[in-house]
Amino acid sequence: MGQRFSRISGWGRYAPAQILTNDDIAEIVDTSDEWITSRTGIRERRIAEPHETTLTMAQTASERALAVAGIPADNLDLIIVATSSPDYLLPPVSSMLQHALGASRAAAFELRAGCTGFLYGLSTAHQFLATGTYRRALVVGVELISRAVDWQDRNTCVLFGDGAGAVVLEATERPTGVLGFVLGSDGAGAEALIVPGGGSRQPLSSTVLAERGQFIHMDGQAVFKFAVRTMGRALLEAVECSGLQLDDIDLFVPHQANQRILELAARQCGIPWEKMYVNIARYGNTSAASIPIALSEAVEEGRLQEGNHIAMVSFGAGLTWGALALRWGEGPATTEEVFGRQPLHLPQRVLRSARTSVQKVRIQTTSRLSPLLLPLYAMSRRVRKEEKTGE
Ligand code: UT7
């Protein structure tokens with residue numbers, strides 16, 4: 001068997017019809033459209049209606065992805081559902097989805113890695129395909145997070161939204177699709193983003209409910225710092241292990257958590273803003289669903305053509321991070337073409353590796369500086385606040 005690759009052959013998304021604007025939220029908690037827009041870039045988010053569940057959203061996105069790929073569900077060998085808001089603790093929503101789709105031959109499992117879950121899922125499915133174990137996989141990122149959010153807590157309820165995104169990944173002999181990835185975890189930050197109650201450590205009880213422990217609790221600044229520290233580095237590593245340079249990437253599809261985080265990451269890596277796909281204004285943070293939703297919108301908007309290179313990057317609860325680079329499309333017949341270049345001559349090689357080193361130093365320096373930059377950032381916010389209140 002020759003070398004195997006895996007390419008995205010189908011994509012789909014689902015977002016509930018119900019829109020909740022910042023002004024709507026300002027009627028529930030003490031906040032404002034101005035605060036939410038300027039601190040996060042979010043203007044509105046979608047909220048599931050009572051009859052909708054994680055399963056129904058995942059099913060719609062999956063059926064759309066299968067339709068684009070043009071394959072029936074019973075051709076799937078594997079289903080991975082990344083979510084932190086499954087319908088039940090047991091059974092996994094992945095098996096319910098497998099049944100609902102009629103994917104009778106597919107193995108199915110649920111994967112929990114916070115907002116990074118979709119990239120963990122995509123990397124895992126790629127392994128099964130690249131080793132020749134399976135030929136077709138469905139990877140879903142889905143969150144019905146509005147039911148895990150405390151609607152009395154303005155620190156979190158303004159950020160999140162519901163939705164689902166799915167891709168079909170198919171094995172191919174052509175050198176295309178997933179080129180490389182990095183995944184990481186730092187459990188030292190576990191409590192920065194946590195639902196403390198409802199698991200085996202603190203089963204649901206009247207005390208847990210009284211302390212609102214069934215909802216998401218977040219140390220926003222700790223997560224912000226973590227994102228600034230990890231995103232650029234992960235991106236560069238994934239791109240490098242794919243045999244590419246950041247300049248080769250045509251479109252960056254990052255996890256949509258906060259527009260300020262994306263602006264900092266873009267600046268840190270020297271990525272032109274036009275190359276970042278950003279739709280946070282319309283969806284908020286849909287956690288594991290945000291990258292597949294953004295990817296499917298980017299394709300429909302014509303932002304991706306055969307042969308383009310994409311890099312995705314994410315961070316989230318765990319704390320976890322991940323980045324993945326891929327080549328879009330059916331793929332060329334030869335390996336040289338996949339990197340869009342002939343073998344490099346020595347001076348070109350030297351130049352390229354020098355550029356990579358400079359980028360690395362820049363990212364490492366900004367990451368190391370981030371604890372220093374954050375007090376500055378806090379000070380600038382204080383000044384802004386004082387200006388506003390006229391103190
Ligand atoms: O997928 C991963 C999930 N999580 C994240 O990505 C979160 C990463 N963190 C962030 O995006 C930001 O930290 C937030 C958007 C959550 C918060 O922004 P911030 O600029 O770090 O604000 P802060 O938490 O430092 O709060 C600043 C002030 C505080 O008031 P005081 O203490 O200065 O008087 C907060 O109480 O803003 C207040 N505040 C709000 N005010 C109006 C916090 N939330 C709100 C709100 N509306 N919704």
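Visitor: What makes the largest pocket a pocket, and how much space lies in it?

Guide: About 1200 Å³ of space lies in the largest pocket. A pocket is an open set of points on a 1 Å grid over the protein atoms alone, with protein on both sides within 12 Å along at least five of seven lines. The volume is the space filled by probe spheres set on the points, with points joined across faces, edges and corners. The model is predicted: local features need pLDDT of at least 70, side-chain atom pairs pLDDT 80 or more, while totals for chains, interfaces and linings use all residues. Numbering runs from 1 along each chain as its sequence is written, and side-chain values use heavy atoms, without hydrogens or water.

Visitor: Which residues lie nearest the centre of the largest pocket?

Guide: Ser-84, Arg-112, Val-195, Gly-197 and Gln-214, out of 37 lining residues. Lining residues have an atom within 4 Å of a point. By class, the lining has 17 nonpolar, 14 polar and 6 charged residues.

Visitor: How do you know where the largest pocket lies relative to the domains?

Guide: Domain 1 (5-177) and domain 2 (180-385) both give residues to its lining, so the pocket lies between them. The domain bounds come from an automatic or database assignment.

Visitor: What makes a cavity, and how many of 30 Å³ or more are found?

Guide: A cavity is a set of points where a 1.4 Å probe fits but cannot get out. The search finds 1 of 30 Å³ or more. The largest cavity has a volume of about 40 Å³.

Visitor: Into which classes does the lining of the largest cavity divide?

Guide: It has 9 nonpolar residues, no polar and no charged. Ala, Val, Leu, Ile, Met, Phe, Trp, Tyr, Cys and Pro count as nonpolar, Asp, Glu, Lys and Arg as charged, and the others, Gly among them, as polar. Met-231, Phe-252 and Pro-254 are among the lining residues.

Visitor: Which residues is Met-231 in contact with, beyond four places in sequence?

Guide: Pro-254, Ile-261, Leu-262, Ala-265, Val-313 and Phe-315. Contact means heavy atoms within 4.5 Å.
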